Amino acid sequence: MLKVVKIGLLGLGTVGGGTVNVLERNSQEISRRCGYQIVVSKACARDMSRARICSTDSLQLTSNPDDIINDPEIQIVVELMGGEEPAKSLILAALANGKHVITANKALIATHGNELFAAAASNKVILAYESAIAGGIPIVKALREGLSANKIEWLAGIINGTGNFILTEMRDKGSAFEDVLKQAQQLGYAEADPTFDVEGIDAAHKLCILASLAFGMPLNFERVYTEGISKVTPLDLTYAEELGYRIKHLGVARKTDDGVEMRVHPTLVPKKRLLANVDGVMNAVLVKGNAVGATMYYGPGAGADATASAVVADIVDICRQLEISSDQYLAPLGFLSEQLKDLPNVSIEQVKTAFYLRLSVLDKPGVMAAITAILANNGISIEAALQKEIEQHGANTQVILLTGSVVEQLLVSALAEIESLDSTTGPAVRIRVESLQ
Ligand code: NDP
Ligand code: HSE
């Protein structure tokens, strides 16, 4: 007879329901792997009458989270409610009660992870979070274990499924932003507050965690530069294609001699790169290690079963460690806690990238010469150019340029000069370009 490990779920929505389903569907295979029979004994939700995506026949449903965190028979508490409170207090209480905790809550790990990991260590229990980043992709395991021989130089990823789904549907079907967002919500991909997805906050939470895993530093969410996809227009998606690029919402973390860059923003990626071809709800993280070179991890970034796959993998991992001494637990960020080192922040103004520029100008002689002169005077090279007449009768045109690599503050000051020309008729659009090499 296998020993039973009882699980309590805080939250029985998309991911909670998916977790119950995966545990039920694959129970034998999971037991063969971890040596225990996993039983979800209780689950907590707000609305007792709501229809669930899983069966609730074999579990006790409660609206009181204390029924779970104070149940002496529950060894593992899985937090799948989302949000800051009461999730944070409940996790801390569960840890204090000696329970191992699993969470998919990247917002909480990114903003309070340092405190939560310290609480787990002082209570000699595990706090696991594989499902918090990139849905079903085992990227925490890859960085923490599979790549532990490497110094990580940089990583770049599509780490928000909703955002990637929106950009893909806009590009392929010409769908309207709002319509695709509604679809993503219906499919269970979006956050409770979808501005987290479209304004890049969710991706920034994940990037912050990835950067700490990669470079061995404490979590520093406030340092992540964040831009969302809400200002990406169908016009720019089309022009990018014409230039041989795709616009993707990337999270980039890079270690340089000056410190660490952490940034999330729409990015032109050459079409021939694998990352440019990651579409829909799929996510991918490209990691450059100094021993292995570039490796890429691809899979569904959101959704019930995909995310449950990562939650259940954490359950299996914890079961495998139930009978070892707590001083043998893997450090949550892969580096020994006392070895975590803060690194200087490279601000976005100091970051060097190439740029896509879309300039609205009068269609008259000398305009292009004036623009190129300003760029040249600032030491900015032009790698490609397109000119588009978009207003049928007027004298307006759009000039699209790809620049060479330039420090951002230099580009910003050159653009201010261009915008002040009499021949410039509107604000410039600028999107960073990454070659990912
Ligand atoms: P849902 O909104 O689908 O589910 C949240 C669940 O928590 C619901 O069952 C809800 O109850 C319950 N809940 C919320 N607040 C309380 C409370 N105060 N007391 C009791 N129960 C509460 O969210 P998801 O499953 O989509 O997301 C859960 C977590 O997983 C979030 O942190 C999210 O960021 C993360 N995540 C989500 C992914 C996805 O694809 N959806 C992927 C990766 C991570 P009720 O059902 O009654 O409303
Ligand atoms: N809202 C998130 C996304 C869920 O769309 O990626 C997965 O973390």
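Okay, so let's start with what lines the largest cavity: 3 nonpolar, no polar and 6 charged residues. By those classes I mean Ala, Val, Leu, Ile, Met, Phe, Trp, Tyr, Cys and Pro as nonpolar, Asp, Glu, Lys and Arg as charged, and the others, Gly among them, as polar.

Quick housekeeping. This is a predicted model, where local features need pLDDT of at least 70 and side-chain atom pairs count only at pLDDT 80 or more, while totals for chains, interfaces and linings use all residues. Residues are numbered from 1 along each chain as its sequence is written, chains are lettered from A and ligands numbered from 1 in the order in which they are written, and side-chain values use heavy atoms, with hydrogens and water left out.

Back to that cavity (on a 1 Å grid over the protein atoms alone, a set of points where a 1.4 Å probe fits but cannot get out; lining residues have an atom within 4 Å of a point). Its volume, the space filled by probe spheres set on the points, is about 40 Å³. Around it sit Ala128, Tyr129, Glu130, Val140, Lys141, Arg144, Glu145, Asp314 and Asp317. Helix H6 (139–146) and helix H12 (304–320) each give two or more of these, and H6 gives the most, with 4 residues. Helices here are DSSP runs of H or I, at least four residues, numbered from the N terminus.

Now, the other bit: H13 (residues 367–377) and H14 (residues 408–419) pack at about 155 degrees, axes 9 Å apart. So they're roughly antiparallel, which here is an angle over 145 degrees. In the contact (heavy atoms within 4.5 Å), Ile371, Ile374 and Leu375 of H13 meet Ala414, Glu417 and Ile418 of H14. That's 5 nonpolar, no polar and 1 charged.

Notes. Axes fitted to C-alpha atoms, helices over the stretch in contact; angles between N-to-C directions. Parallel < 35°, antiparallel > 145°, perpendicular 65-115°, else oblique. 1 Å grid on protein atoms, 1.4 Å probe; cavity = no way out; pocket = protein on both sides within 12 Å on 5 of 7 lines; lining within 4 Å.
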